[in-house]
Amino acid sequence: MSELPGDLKYTEEHEWLRREEDGSVTVGITDHAQAALGDLVYVELPEVGQDVEAGGEMAVVESVKAASDVYAPVGGSVVAVNDELGDDPEKINADPYGDGWIVRLSPEAFDEAALLTPDAYQELLDKLDD
Amino acid sequence: MNPQTGLRTALFERHRAAGARIVDFGGWDMPLHYGSQKEEHHAVRRHAGVFDVSHMTVIDLVGTDAERFLRHLLANDVAKLTEPGKALYSCMLNFDGGVVDDLIVYFFTPERYRLVVNAATREKDLEWIGARSDGFEVELSERPDLAMLAVQGPDARELAAGILPAGSRETALNLAPFFGADAGDWFVARTGYTGEDGFEILLPSAEAGGAWQALLDAGVAPCGLAARDTLRLEAAMNLYGNDMDDATSPLEAGLGWTIAWKPEEREFVGRDALEAVRARPDRRRFVGLLLEDKGVLRSHQRVVVDGVGEGETTSGGFAPTIGRSIALARAPAGDYDRVAVEIRGKLLNARIVPTPFVRHGTVRIDV
């Protein structure tokens, strides 16, 4: 498993978040999550402008094998979605922390304490491997 | 790691060394994929792939009543088999006309046959076949000493012939579809479960590792059960337990073509029950579906036909060769060509299409 980017926050549901300079938050799924799902074939994205609740379903990623919900790690409104995933959902497999980003949110609040640091997420992954 | 270890084929360590993701399948630790199930799928459609299917159950059947017994046991009729090595696909039914299992039977002589049945149904099958064989002069012997490799794809026969025991290459390459032949102490058949040409090879377990490696060295891609499932789905080949089971008639699982109704006096197990289903006008349809809206069909989703009734997908998934989502479905009787499928709470549009969806590398439906 590749090293986790140190500038991101993580969730127990295997999402990652990046706080952008303008205050928005970019969300994707982790390398671990994409590897577990296998080749992605379809991504269902929310509408731009839609409000999402923290912990609520925000998108769906479907692989050849299974469908999985992507939960909103923070509440807020959707300011952008990665439209390129429509034609090329495998971007998530190829580059989960870059071109494979899924949604950008304008958060109502950003409670860092509720999110996992790279070390804490790595610990979670280590436990899964046991 | 999983503390519970399943049964393992002779190739287990090779799968692990090749980076396979291992899953439980019918009590066996089997490779799901070796990295990308989609690439494995494409390898079989475009070139050649090899599957370890040693978990499948091989049963040899020998005795003076062997033919008479199989004509009683199976819904298809082994009397159709006259040339040595010829294979026949059949359902084995229960008394209610449900499917105990589907299988391949190879004919050698009227006193000697070989059955290949599913791994997950092994115990049930052995018990059922044993019980039915009462009063027949026939001996059943399981062959756990044999490994089984399925080499499939447009280049599969040519590449697989190269690893066969000396002197049997010619015999193997001359096999007609659905025929098998001995190749030294191996057995090679031109059969498969992918919709592509290829061989299924039975060989002594001790020789399986060498054969596997020789195939990989020849450029054949190792493929797991996940690709096997998408390949067979595109080929519209039924999967036992998904598309039919003990409670499902083959007539409602697209398997009517495997039932030998004639001669009428042949009393095979389940015949009476099957005749009753055959006479029912409300018999459910078994159809191929192509999803027209965006999304992914899966097994056991609700199928809704406006004003007609409901059914369910029995196998569904993303079809890598087509780039769309397809399914096999059991649907209510009636004359219609569009249905809705409930996916994650939404009703999405799907169209009934002829099957197979894909055959010999070619998409056969209009998308």
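**A helix and its surroundings**

Mentor: In this predicted model, helix α4 of chain B covers residues 122-132, and its buried residues are R122(B), D125(B) and I129(B).

Trainee: How do those buried residues fall when seen down the axis of α4(B)?

Mentor: They lie within an arc of 65° around the axis of α4(B), so they line one face of the helix. An α-helix has 3.6 residues a turn, so residues three or four places apart point the same way.

Trainee: And which residues are exposed on the other side of α4(B)?

Mentor: That side has E123(B), E127(B), G130(B) and A131(B) as exposed residues.

Trainee: What do the buried residues of α4(B) pack against?

Mentor: Their partners in chain B are the strands β4 (57-62), β6 (99-109), β7 (112-117) and β8 (139-142), together with the helix α3 (66-73).

Trainee: Let me change topic to single residues. Where is R190(B) found?

Mentor: R190(B) sits in the loop between β11 (186-189) and β12 (198-204) of chain B.

Trainee: Why does R190(B) count as buried?

Mentor: R190(B) has 22 C-beta neighbours inside 10 Å, and a residue is buried if 20 or more other C-beta atoms lie within that distance, so R190(B) counts as buried.

Trainee: Which residues does R190(B) touch, not counting those up to four places away in sequence?

Mentor: R190(B) touches L175(B), A176(B), P177(B), F178(B), F179(B) and F199(B). Taking one of these, R190(B) and F179(B) are 11 residues apart in sequence, with their C-alpha atoms 5.6 Å apart in space.

Trainee: I also noted D229(B). Which helix is that residue in, and how many other C-beta atoms lie within 10 Å?

Mentor: D229(B) belongs to helix α8 of chain B. It is buried, with 21 other C-beta atoms within 10 Å.

Trainee: How far apart are D229(B) and M244(B)?

Mentor: D229(B) and M244(B) are separated by 15 residues in sequence and by 15 Å in space, C-alpha to C-alpha.

Trainee: Now the domains. How is chain B divided?

Mentor: The assignment gives chain B a domain 1 (12-56 + 145-234) and a domain 2 (284-367). The C-alpha centres of domain 1 and domain 2 of chain B are 29 Å apart. Their contact takes 12 residues from domain 1 of chain B and 13 residues from domain 2 of chain B.

Trainee: Which elements give two or more residues to the domain 1 side of that contact?

Mentor: On the side of domain 1 of chain B that touches domain 2, those elements are α2 (37-46) and α8 (225-234) of chain B. α2(B) gives the most to that side, with five residues. By type, the residues of this side of domain 1 are two nonpolar, four polar and six charged.

Trainee: What of chain B as a whole? How many helices and strands are there?

Mentor: Chain B has nine helices and 21 strands. Its radius of gyration is 21 Å, close to the 21 Å that the globule rule gives for 367 residues, so chain B is as compact as a globular protein of that length. Of those 367 residues, 48% count as buried.

Trainee: And chain A?

Mentor: Chain A contains three helices and nine strands. From the N terminus on, the elements of chain A follow the order β-β-β-α-β-β-β-β-β-α-β-α. The radius of gyration of chain A is 14 Å, close to the 14 Å from the globule rule for 130 residues, so chain A is as compact as a globular protein of that length. Of the 130 residues of chain A, 42% count as buried.

How values were computed:
Residues are numbered from 1 along each chain as its sequence is written. Chains are lettered from A and ligands numbered from 1 in the order in which they are written. This is a predicted model: local features need pLDDT of at least 70, side-chain atom pairs count only at pLDDT 80 or more; totals for chains, interfaces and linings use all residues. Helices (H or I, at least four residues) and strands (E, at least two) are DSSP runs, numbered from the N terminus. The radius of gyration is taken over C-alpha atoms; the globule rule is 2.2 Å times the number of residues to the power 0.38. A residue is buried if 20 or more other C-beta atoms lie within 10 Å of its own, exposed if 12 or fewer, and partly exposed in between; C-beta atoms are placed from the backbone. Domain bounds come from an automatic or database domain assignment. Two residues are in contact if their C-beta atoms, placed from the backbone, lie within 7 Å. Ala, Val, Leu, Ile, Met, Phe, Trp, Tyr, Cys and Pro count as nonpolar, Asp, Glu, Lys and Arg as charged, and the others, Gly among them, as polar. The arc is that of the directions from the helix axis to the C-beta atoms.
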